Amino acid sequence: MPDIHLSDDVFQRLQRHARPLIDTPDAVVGRALDALEESVAASADSMPDPFRFTDRNIPDLRHAKLLKASLDGRPVNDATWNAVLDRLIEIGVEYGMSADDFREIQGLNIVPGSKTIEGYRYLRKARMSVQGQDANRAARAALSIAKKVGAILEIEFVWRDKPGAAHPGRKAMVGSSRSPSLDKNA
């Protein structure tokens, strides 16, 4: 067990919170930590549910499960992080984006034509193959493409209750803002 040394000032403060002849310094510190942890839990409970984020402040999505997604108000069916990205790549192609354009967005590994090895999947409508991404990269790329083509992408997700999750058990939403920079008819 480690020895802890306190300054005289801190020890005097500690004594002000101790019950004479009952509490040890360890008991007082334990109560103080309990109060601190309750305060932190109460402040987390007062945060809005779901949290709301934009494409400018995307949180860490490790251990985040996508619940639903919509593109310009229409649901994206069978939504997973990579399925949403695939749909945005298809839309980007409709707007004239090339494999090079997509590679500039979050460093996507994407090639023209069919490639189904090394984690690539072929997107028939786009006539390109893209490598699978983790939630962080897929979300960032999808939101970047949505913004580039002027689409509104809304994603609702929940962090799994796992070590390393940013907010275990909490729901959140992240969405793009409309900022068209491509002309579909160009």
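The legends below describe several views of one predicted model.

Local features in this predicted model need pLDDT of at least 70 and side-chain atom pairs count only at pLDDT 80 or more, while totals for chains, interfaces and linings use all residues. Residues are numbered from 1 along each chain as its sequence is written, and side-chain values use heavy atoms, with hydrogens and water left out.

**View 1. The protein chain has five helices and eight strands.** Helices (H or I, at least four residues) and strands (E, at least two) are DSSP runs, numbered from the N terminus. Along the sequence their order is α-α-β-β-β-α-α-β-β-β-α-β-β. The chain has 186 residues, and 35% of them count as buried; buried means under 20% relative accessible area, exposed over 50%, and partly exposed in between (1.4 Å probe, protein chains only).

**View 2. The largest pocket has a volume of about 420 Å³.** Closest to its centre, among the 14 lining residues, are Leu6, Leu14, Pro25, Val28 and Val29. On a 1 Å grid over the protein atoms alone, a pocket is an open set of points where a 1.4 Å probe fits, with protein on both sides within 12 Å along at least five of seven lines; lining residues have an atom within 4 Å of a point. Grid points are joined across faces, edges and corners, and the volume is the space filled by probe spheres set on the points. Helix 1 (8–16) and helix 2 (25–45) each supply at least two lining residues, and helix 2 gives the most, with six. The lining divides into 10 nonpolar, one polar and three charged residues; Ala, Val, Leu, Ile, Met, Phe, Trp, Tyr, Cys and Pro count as nonpolar, Asp, Glu, Lys and Arg as charged, and the others, Gly among them, as polar.

**View 3. Helix 5 (residues 135–149) is mostly covered, with 11 of its 15 residues buried.** From first C-alpha to last, helix 5 reaches 21 Å, close to the 21 Å expected at 1.5 Å a residue, where the expected span is 1.5 Å times one less than the number of residues. The buried residues include Ala135, Leu143, Ile145, Lys147 and Val149. They pack against helix 3 (81–94), helix 4 (99–103), strand 7 (153–159) and strand 8 (171–175); contact means heavy atoms within 4.5 Å.

**View 4. His63 has a positive phi, near 65°, in a residue other than glycine.** His63 is in the loop between strand 1 (51–54) and strand 2 (64–71). Its relative accessible area is 31%, so His63 is partly exposed.
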